[in-house]
Amino acid sequence: MDLEKSFNPKHIENLWYSQWESAGYFKPAADENRSAYCIMLPPPNVTGTLHMGHAFQHTLMDALTRYHRMRGYNTLWQPGTDHAGIATQIVVERQLDQENLKRQQMGREAFLKRVWQWKEESGSTITRQMRRLGTSCDWTRERFTMDDGLSRAVTEVFVRLYREGLIYRGKRLVNWDPVLQTAVSDLEVVATEENGSLWHIRYPLEQADGSGTEQTNALIVATTRPETMLGDVAVAVHPEDPRYQHLVGRHLRLPLCERTIPIIADSYVDLEFGTGCVKITPAHDFNDYLVAQRHHLVPINIFTLDAKINDLAPVEYQGMDRFDARKKIIADLDAQGFLVETKPHKLMAPRGDRTHTIIEPMLTDQWYVAMDSLAKRGLEAVAEGEIKFTPDNWTHVYNQWLENIQDWCISRQLWWGHRIPAWYDEDGNVTVAHSLEEAQKLSGSSNLKQDDDVLDTWFSSALWPFSTLGWPDETPELKTFLPTSVLITGFDIIFFWVARMVMMSLHFTNKIPFKEVYITGLIRDAEGQKMSKSKGNVLDPLDLIDGITLSDLIAKRTTGLMNPKQAESIEKNTRKHFPEGIQAFGTDALRFTFASLASHGRDIKFDLQRCEGYRNFCNKLWNATRFVLMNCESKDTGLDESLPLTYSAADQWIISRLQQAEQAIELTFSQYRFDLLAREIYELVWDEYCDWYVELAKVQLSSQQDSIHRATRRTLVRVLETMLRLAHPIIPFITEELWQKVAPLAGKQDASIMCQPYPIADTTKINQQSIEDILLLKEITNACRNLRGEMKLSPALKVPLLAVGDSQILTKYSPYLLALAKLSNIEIQAGGLPAADAPVAIVRDFKLMLRIEVNVEAERERLSKEITRIQAEVSKAQTKLSNPSFVKQAPPQVVAQEKDRLVAFNKKLDHLILQLEKLN
């Protein structure tokens, strides 16, 4: 036997992945007759590294891919990365900062050359890390959202949409990052709760005759951003607010500014909030912008693109940073008697996820996609059942967004990305075309300048399902794999990516991009807390695979931090969460853990103890295989079917259980219930095969009959070989290593387990009688073991069993019971059990007693102590449950657990008291 004594995951992971990839096993089959199965990898950022969310989703995608590949499907898992416009530009600009260079100094062409150089040298780290996780993507087809083929698709889509009247340029309000000086998407804006202030400001009413203002006759307006009042165009009140109805239509003098603004009525105003008066600043607030449109008010933009006060504001504030201007405005309001009061206020501050600066709503000229007609088709595809969401509740979220969709701002003021294919002549006339040459021909001008903006990264990502397959060309891959089978992604990008892929695919290919969308949950720590660097609870999947010491973990997390206090905090929290570092679990144990957690819910608590449990599972499977090899190598494993085979009830039972598991597993894959899949594999391998069948097989191998030996070895080998194939999609490395050793004994030869068919249940092999027989055997065995435990017998001590019940069954089971329950012999009692002090177990129609000499005094003392202990536990549980505060405030599952404990303790107490009464 050449199988290592212990399971060493690192060795086999390095060995097998390179062999799989070099052999081309990840490529789809060139067979048009096979049913197609395709998954698109959500393209991770080229700047990214593998995090827990990636590892979780990639495990599920790989399990589905491997499963369908083994089922005989023509399978493609399409990989690739996203150019990540903002993130990548920031990375390269930070490198330039270290060289005292600015991209503006370099010029656009030289800067982009530098970005491409970075991409070739340092980009796509995540795809290399994905290989560590065993992901079986077809890497020969790896795409990048800015490679030539995908760039061509992006240009084609833009030009077509523009010529169809669905892309236009206009001045509208957008999220603006003053540091990056670009529009950003909602996904790139993080709302954080912060301490702020609420300033109450007096806006004086203008007299009807225009002679001036009355300090005593004013509206009080509350704001968290007093600097924006320089751009106020109105104050709104609710049309049904009796306090202000008589004032609607009159004007207010805007403090600090030499102009007046109207009082308007709009139902947007919340009567219950603040004073019921809301300042309307449409150039710097999204809700105010909509109000202004309804009332035909002209926005006034008082910020420059770097968030300084511009020349539309009073001269004393011009050129000031927005927050410096805030301080001066508050001081001036106070000095002039307009500041009524200042209150502390909790607010949700919108910050850029890259720069952490406050995001400003800003009126800028941008390119937009008109979404109404596209959204209509996207809604129809789901309503008609062409696309299905799992869990189904996400269908409502998808529909709700599309039903309230706004036009999509697709331009970004960056250099890295797909440059917008629009050119301007000297008069500002725009021509949209596939190339400069085409634009010159269409415009009739040779002096054209291309638009400086690039497209939102999500624009190219929206084309991912069909651009990666060769569109706009009619390629064989496009014909074969579109629509793809399932998209696996998180709920947070249903709007930004999922819906847009649906709309774009329907519009340009007249096909849905995928048939199903499986929405996964978020990975949190064991306490349900969101993982963050500052909390010290972040996990790196590679650390879980390889292991890492506490000191190395701290160094990894604090290296490069400029803030000593932050580093100290992270070190403290890391010590709290991982006092002993992280042990090496290996890829298979990590993948098994992810699968076991993949229930249909949003939040997933990741507990390292689960990893340890599945590492133990791998060890168990490894050791079981060693047992099979030791007992079956170079021996008759029933390959010659002309020789007699005598199958026992135990053999037929494990074969039956295998078929039942195969049935259940097929269903779990179809329903994306990876948690149930993991449980089914765990129970079959550990509970049924390793804990029971292997022990039963040991008894059978000690038999004198060759036909029993032959059938036992055949069953040991064939069930194990099948279980390895069943488990392969979840734990690919260990199953490949073990299958190579076991397969020849089962009469199978192949280069890889991946090339083998996935097991399909044969219900004719389910023997219900054997299932019932072994269930009874388990119950009797467990009853005997419990009797031994009650009497605290040494595992090495073999004792007689006295039994009342069906003598045929007891005789048939006796060889197994002797071994499994550590019995010296079994005495079948025809007239009932003798009167004795020993405890009795009842299993169905059987009564069981161990014949042992009981020291009555010692046993009485033992029982009395145990009764006292259990009574104390009952008392504690009753005290808790009788406490209204505990029942009301504790989590429901904790209360239920305490009730279950009380029931169990009372049951145990009754049993002990009965035993003591017998002794007395």
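Q: Where is Pro483 found, and between which elements?

A: Helices (H or I, at least four residues) and strands (E, at least two) are DSSP runs, numbered from the N terminus. In this predicted model, Pro483 is found in the loop between helix 15 (476-481) and strand 22 (484-490). The peptide bond leading from Leu482 into Pro483 is cis, with omega near 5°.

Q: Which peptide bond at Pro391 is cis?

A: Most residues other than glycine have a negative phi, and most peptide bonds are trans. Here a cis peptide bond joins Thr390 and Pro391, with omega about -5°, and Pro391 has its place in the loop between strand 15 (388-390) and helix 11 (394-403).

Q: What is phi at His356, and is His356 buried or exposed?

A: Buried means under 20% relative accessible area, exposed over 50%, and partly exposed in between (1.4 Å probe, protein chains only). His356, although not a glycine, has a positive phi of about 65°; it is found in the loop between strand 13 (339-352) and strand 14 (360-369), and at 54% relative accessibility His356 counts as exposed. Ser634, also a residue other than glycine, has a positive phi near 60°, and Ser634 is exposed, with a relative accessible area of 81%.

Q: Where is Ser634 found, and where does Asp640 lie?

A: Ser634 is found in the loop between helix 21 and helix 22, and Asp640 lies in the loop between helix 21 (608-632) and helix 22 (649-671). At 40% relative accessibility, Asp640 counts as partly exposed. A polar contact is a pair of N or O atoms within 3.5 Å, where, within protein, one must be able to donate a hydrogen and the other to accept it, and residues adjacent in sequence count only if both atoms are side-chain atoms; the side chain of Asp640 makes such a contact with the side chain of Ser642 (2.5 Å).

Q: Which residues are in contact with Glu737, leaving aside its neighbours within four places in sequence?

A: Contact means heavy atoms within 4.5 Å, and on that basis Glu737 is in contact with Ile12, Leu15, Trp16 and Trp622, once those neighbours are left aside. Glu737 lies in helix 25 (residues 732-742) and, at 10% relative accessibility, counts as buried. The side chain of Glu737 also makes a polar contact with the side chain of Trp16 (2.7 Å).

Q: What does Thr625 touch, not counting residues up to four places away in sequence?

A: Thr625, whose place is in helix 21, touches Leu3, Leu720, Leu738 and Val742 when those residues are not counted. At 0% relative accessibility, Thr625 counts as buried.

Q: Why is helix 2 described as largely enclosed by the rest of the structure?

A: Helix 2 is largely enclosed because 18 of its 19 residues are buried. The expected span of a helix is 1.5 Å times one less than its number of residues; helix 2 (residues 52-70) reaches 27 Å from its first C-alpha to its last, close to the 27 Å expected. Just after helix 2, Gly72 takes a positive phi of about 95°.

Conventions:
Residues numbered from 1 in each chain as written. Predicted model: local features only at pLDDT ≥ 70, side-chain atom pairs only at ≥ 80, totals over all residues. Heavy atoms only, no water.
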